[in-house]
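User: I'm new to reading protein structures. Could you walk me through one, feature by feature?

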Amino acid sequence: MKVWIDGEIVEGEEARIPVLDHGFLYGDGIFEGIRISGGRVFRLDDHLKRLGIASRCIGLPVPGGLEKLREIVLETARAHGQPEAYCRLIVSRGVGSLGVDPTTCSEPRVVCIVDAVRIYPEEKLRTGISMITSSFRRAAPDVLDPRVKSLNYMTSVLAKQEARRQGADEALLLNHDGHVAEASVANVFAVRSGVLLTPPATDGALEGITRRSVLQLAVEAGIPAGERSLGRFDLMGAAEVFLTGSGAGIVPVGSLDGQPTASGGVGPVTEQITERFRAFAAENGPEF
Ligand SMILES: Cc1ncc(COP(=O)(O)O)c(C=O)c1O
């Protein structure tokens, strides 16, 4: 693991942040999880754009601007040196007083971690993962906008914990209207009547970079695709269900709340999109 912190790149175990960093004290900060594939940083500029919007949403200026972050990511990826990896870019509020007031923090802190990518075992990518519907709901935008990738991941943590306690791999989060929002750290797709559907981000989902790529690839493959509000019913009735995220890629869902999904694992649309995505991921983004 290589970590860019305070202007230098160090080994993972040497990287330290002060206890008064408000990212640690209050989850006050934002981050991006970025896939490195085929020696390229996948859609780096899209990740930086999303981070830039999040920084405006929480009033956290990015030190040196997005161009500096771009250099940091590429430098850390180069130091790590592996063509397949995972990058975590974090901007925290930085060191301040013990109180919550962000104006006491003098300088935001940037940390960039590049590590080996961890995906589900091959077996799960064939049979599909098990998912439960979480009792935790995605917060409404006036509580904590799910489109801001902030360091506050407690809902995702608790939903994942709930899933693991029930022996499942993943958790499905609904919003307060009972519509599907997303999984703990991934977007949700369903194939119904030959149409590939994903909930609009305004139903409580992150505007995933993988999600957007999948929608684009579906159009290119001639698969009708689009955004639509979904209920748990739609997933139970779907021919295929899969999740998307930078870390795990495209992951078929084999069961929901103990009920096998219709495809009971990877289905034809999921397989086709996964195939296309593999090539797409290795072609899109700057080399390092
Ligand atoms: C809550 C949440 N939803 C969805 C996603 C998927 O987004 P992306 O494809 O940009 O990684 C993530 C990313 O890890 C996430 O944390």
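User: Which helix gives the most residues to the shell around the ligand?

Analyst: That's helix 7, with three residues. Keep in mind that we're looking at a predicted model. The shell counts 15 residues, and L206, G208, I209, T210 and S246 come nearest to the ligand. Two elements give two or more residues to that shell: helix 7 (209-220) and strand 13 (240-245).

User: What classes of residue make up the shell around the ligand?

Analyst: Sort them by class and you get nine polar, four nonpolar and two charged residues.

User: How do I read a helix like helix 7, and how far apart are its end C-alpha atoms?

Analyst: Start with the general idea: an α-helix has 3.6 residues a turn, so residues three or four places apart point the same way. Now the length. Helix 7 has 12 residues, and at 1.5 Å a residue these should span 16 Å. Its end C-alpha atoms are 17 Å apart, which agrees.

User: Which residues of helix 7 are buried?

Analyst: Quite a list! I209, T210, R211, S213, V214, L215, L217 and A218 are the buried ones. I209 and T210 also turned up among the residues that come nearest to the ligand.

User: Where do D6 and S193 lie?

Analyst: Each one is in a loop between strands. For D6, the loop runs between strand 1 (2-5) and strand 2 (8-11). For S193, the loop is between strand 10 (187-192) and strand 11 (195-198).

User: Let's zoom out. How many domains are there, and how far apart are their centres?

Analyst: The domain assignment gives domain 1 (2-115) and domain 2 (122-281). Their C-alpha centres lie 26 Å apart. Where the domains touch, domain 1 puts in 22 residues and domain 2 puts in 11.

User: Which elements does domain 1 use to touch domain 2?

Analyst: Strand 3 (29-37), helix 2 (44-57) and strand 5 (85-92) each give two or more residues to that side of domain 1. Strand 3 gives the most, with eight. By class, this side of domain 1 has eight nonpolar, eight polar and six charged residues.

User: What secondary structure does the protein have?

Analyst: Nine helices and 15 strands. One more number to look at: take contacts between residues at least 6 apart in sequence, and 70% of them join residues at least 24 apart.

Technical notes
Residues numbered from 1 in each chain as written. Predicted model: local features only at pLDDT ≥ 70, side-chain atom pairs only at ≥ 80, totals over all residues. Helix = DSSP H or I, 4+ residues; strand = E, 2+ residues; numbered from the N terminus. Contact = placed C-beta atoms within 7 Å. Near = placed C-beta within 6 Å. Nonpolar A, V, L, I, M, F, W, Y, C, P; charged D, E, K, R; others polar. Expected span 1.5 Å × (residues − 1). Buried ≥ 20, exposed ≤ 12 C-beta atoms within 10 Å, placed from the backbone. Domains from an automatic or database assignment.
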